[in-house]
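Biologist: Before we discuss this structure, please display the sequence and the coordinates. I shall then ask about its pocket, its domains and its charged pairs.

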Amino acid sequence: MRYQSTTGLAADQIEELVARIWQIASCNKKQVWPPVVGLYRAVVLTLVYVRQNLNQAAVGDLFGVSQSTVSRVYRSILPLIGQALCLHVPNLEEAIRGRLVLVDGTDVPTGNRAGHEENYSGKRRRAGLNIQVAADTNGGLLGISIPLPGAMHDRKSFTECGWEDLLADVPVIADPAYQGTHAITPRKKPKGGELSIGDKANNKMISSLRSAVERCIAHVKNWKILATGFRGRLAELPNVIRIVTALEFYRLGW
């Protein structure tokens, strides 16, 4: 198996992760994964499920187990991955220190669900949760916010997640959706007029810098569970986002 492309992690990173989970399980004196799978395969199975977002029956076919076994493994191993990698998630206030920060919003699609109309985004024409992503100018991940309803505009999400206050003392570049905040944004063309040559040049420079955060979001969404539609319980999605964030920081070597 080509671990890097199927699980998102290199083979040595998987081995380190398995060793940490074994230590956690040993301290708890409880084996939560089915013996028929084994810890190493259970971790790889969970990573494949999160990275590729295949349905559980398909994952079961790949590993020679039943769909119900895949479900048990996923639900038991994913929280342990979160515990094992929690220290890899940097404090955003420390991560942004001395940096030019790029911010953009994206959604985690969930499909339309009755009773959750607040998650439908007219802009994106689908339901999901809104997350804010902070990156440096090289496209390196600095932080992912708490999820908010998908119908919420990026401008409001920036405030509601607490980032507007947290990033108040650092230079921030964002797209026009963040106008009205302290972020540096492209200047809009005036009604009935044209931008000056200087404004056009400034907008071009901002767009060039902003491409890094878009690359960062693309890398985060290589964890397909955040990109192609979350099928589990909505109440579990914030925790899944938190654990995937930890996995991405671990992948990047934080």
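Modeller: One definition comes first: Ala, Val, Leu, Ile, Met, Phe, Trp, Tyr, Cys and Pro count as nonpolar, Asp, Glu, Lys and Arg as charged, and the others, Gly among them, as polar. Please note also that this is a predicted model.

Biologist: How do the residues of the lining of the largest pocket divide into nonpolar, polar and charged?

Modeller: The largest pocket has a volume of about 270 Å³. Its lining is made up of 16 residues, and Val89, Ile144, Ser145, Arg242 and Thr245 lie nearest the centre. By class, the lining comprises 12 nonpolar, three polar and one charged.

Biologist: Which element gives the largest share of the lining of the largest pocket?

Modeller: At least two lining residues come from each of β4 (141-144) and α10 (237-252). The largest share amounts to six residues, and the element supplying it is α10.

Biologist: Which residues of domain 1 lose the most area to domain 2?

Modeller: The chain is divided into domain 1 (3-85) and domain 2 (92-228). Their contact takes eight residues from domain 1 and five residues from domain 2. The area buried between the two domains is about 630 Å², with 58% given by carbon and sulfur atoms. On the side of domain 1, 76% of the buried area belongs together to the residues that lose the most, namely Val50, Arg51 and Asn53.

Biologist: How many salt bridges does the rule find across the interface of domain 1 and domain 2?

Modeller: A salt bridge requires a side-chain nitrogen of Lys or Arg within 4 Å of a carboxyl oxygen of Asp or Glu. Across the interface of domain 1 and domain 2, however, the number found is zero.

Biologist: By about how much of the helix are Glu16 and Arg20 separated?

Modeller: The side chains of Glu16 and Arg20 form a salt bridge, at 3.0 Å from N to O. Because these residues are four apart in helix α2 (residues 11-28), the separation is about one helical turn.

How values were computed
Residues are numbered from 1 along each chain as its sequence is written. This is a predicted model: local features need pLDDT of at least 70, side-chain atom pairs count only at pLDDT 80 or more; totals for chains, interfaces and linings use all residues. Side-chain values use heavy atoms; hydrogens and water are left out. On a 1 Å grid over the protein atoms alone, a cavity is a set of points where a 1.4 Å probe fits but cannot get out, and a pocket is an open set with protein on both sides within 12 Å along at least five of seven lines; lining residues have an atom within 4 Å of a point. Grid points are joined across faces, edges and corners, and a volume is the space filled by probe spheres set on the points. Domain bounds come from an automatic or database domain assignment. Contact means heavy atoms within 4.5 Å. Buried area is the accessible area (1.4 Å probe) that two parts lose on being put together, summed over both.
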